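Here is a protein to explore together, one question at a time. Take a look at the structure first, and then we will work through some of its features.

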Amino acid sequence: MKKFVAHISGINELSSEAFEVLSSMAKIEYQKLNTDEELKKSLQNCDIFWFRLNHSLTREILRDVRCTYILCAVTGLDHIDVDACKDFGIKIISLKGEKEFLKEVRATAEHTMGLMLTLIRKSKKAFFHTESKQWNRYIFQGTELYKKKIGIFGLGRLGKIVAQYAEVFGMEVYYYDIEEMITPESYKKCSSPEELCSKVDILSIHLPYNESTHFLIDKNLFKLMKSTVSIVNTARGGVVNETDLLDFLKHSNARYATDVLYGEPNIENHPLIEYASKNEQVIITPHIAGNTFESIEKTENFIANKFYDTLLTKI
């Protein structure tokens with residue numbers, strides 16, 4: 001088997017199993033890439049490029065590179081120009097579509113519940129309050145999940161897990177999905193995004209990001225939502241029109257917690273971050289939902305073995 005050169009970016013150290021599998025096929029070199037020029041040079045000097053979400057691989061960056069395999073242990077690939085990869089003969093090895101394996105990867109669903117609780121219990125401000133040596137419990141009265149209506153927008157793998165967790169909290173589960181599916185009798189299906197958004201107290205977004213979902217959640221849906229709605233987005237920033245969202249937030253008591261932003265990781269002067277820095281009603285984490293030791297290890301091992309199997313089929 002040919003010995004490849006593999007560049008790893010944004011990862012300090014692969015899991016031991018992933019390292020063992022990959023090093024059996026490739027010379028591994030960890031890279032620190034801070035600019036597009038450094039990224040391009042790396043792709044021109046490796047056969048395998050392994051990263052997660054720390055780069056945006058555009059057509060121009062992918063053009064005329066040596067790299068023939070991109071290994072990316074994530075499900076969403078909106079940070080990679082997939083069409084350009086096809087045109088340039090670059091194969092992407094990712095978690096996209098790996099439904100059976102992903103049933104055991106629950107970090108993002110857990111983070112969704114964490115964001116939800118942080119929103120309704122006003123924890124963001126409470127943390128700063130105590131760290132500034134204050135102790136006034138009366139200004140942090142929140143609300144509960146129990147008996148609230150949660151709307152699952154996209155009842156795929158993560159949506160189903162979040163729905164299960166929500167039921168444990170005693171919430172009423174509503175959902176909307178374009179696919180017909182068998183669900184527990186307690187789940188209430190909505191016939192449209194409009195119906196879903198108009199009914200629920202908390203909206204949890206679990207949509208894939210593609211042309212049909214780009215800015216899908218916009219002013220037309222915001223105007224149907226309760227003025228006190230809490231929205232949690234651990235899907236992709238591009239499914240929400242953030243300009244319309246900001247306008248909605250400024251004219252309501254709605255709250256928004258997100259782990260994703262449109263255009264990330266380039267977030268300099270991002271208007272939603274600017275707003276969050278001054279307003280309690282917005283919480284943003286830097287795309288960490290899937291970033292647990294357990295999930296990272298499982299997904300890295302899976303990607304390394306998937307790549308190994310891919311090469312074996314070519315021998």
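Q: How many salt bridges does a search of the whole structure find?
A: Before we count, note that this is a predicted model, in which local features need pLDDT of at least 70 and side-chain atom pairs count only at pLDDT 80 or more, while totals for chains, interfaces and linings use all residues. Residues are numbered from 1 along each chain as its sequence is written, and side-chain values use heavy atoms, with hydrogens and water left out. A salt bridge is a side-chain nitrogen of Lys or Arg within 4 Å of a carboxyl oxygen of Asp or Glu. Searching the whole structure this way gives 10.

Q: Which residue forms a salt bridge with Asp47?
A: Side chains of opposite charge can pair when their charged atoms come close. Asp47 lies in the loop between α2 (36-43) and β3 (48-50), and its partner lies in the loop between α3 (59-62) and β4 (69-72), so the pair ties together parts that are 19 residues apart in sequence. Helices here are DSSP runs (H or I, at least four residues), as are strands (E, at least two), numbered from the N terminus. With 3.0 Å from N to O, the partner is Arg66.

Q: Is Asp47 buried or exposed?
A: Buried means under 20% relative accessible area, exposed means over 50%, and partly exposed is in between (1.4 Å probe, protein chains only). The relative accessible area of Asp47 is 6%, so Asp47 is buried.
For Asp47, then, the word is buried.

Q: What is the relative accessible area of Val168?
A: Val168 lies in helix α8 (residues 157-168). Together with Leu117 and Phe169, Val168 makes a nonpolar surface patch of about 270 Å². Such patches join nonpolar side chains (Val, Leu, Ile, Met, Phe, Trp, Tyr) within 5 Å, from residues with over 30% relative accessible area and no salt bridge. Val168 counts as exposed because its relative accessible area is 72%.

Conventions. Patches are made of residues with over 30% relative accessible area and no salt bridge: like charges are joined within 9 Å, nonpolar side chains (Val, Leu, Ile, Met, Phe, Trp, Tyr) within 5 Å. Accessible areas come from the Shrake-Rupley method with a 1.4 Å probe; for residues, only the protein chains shown count as cover.
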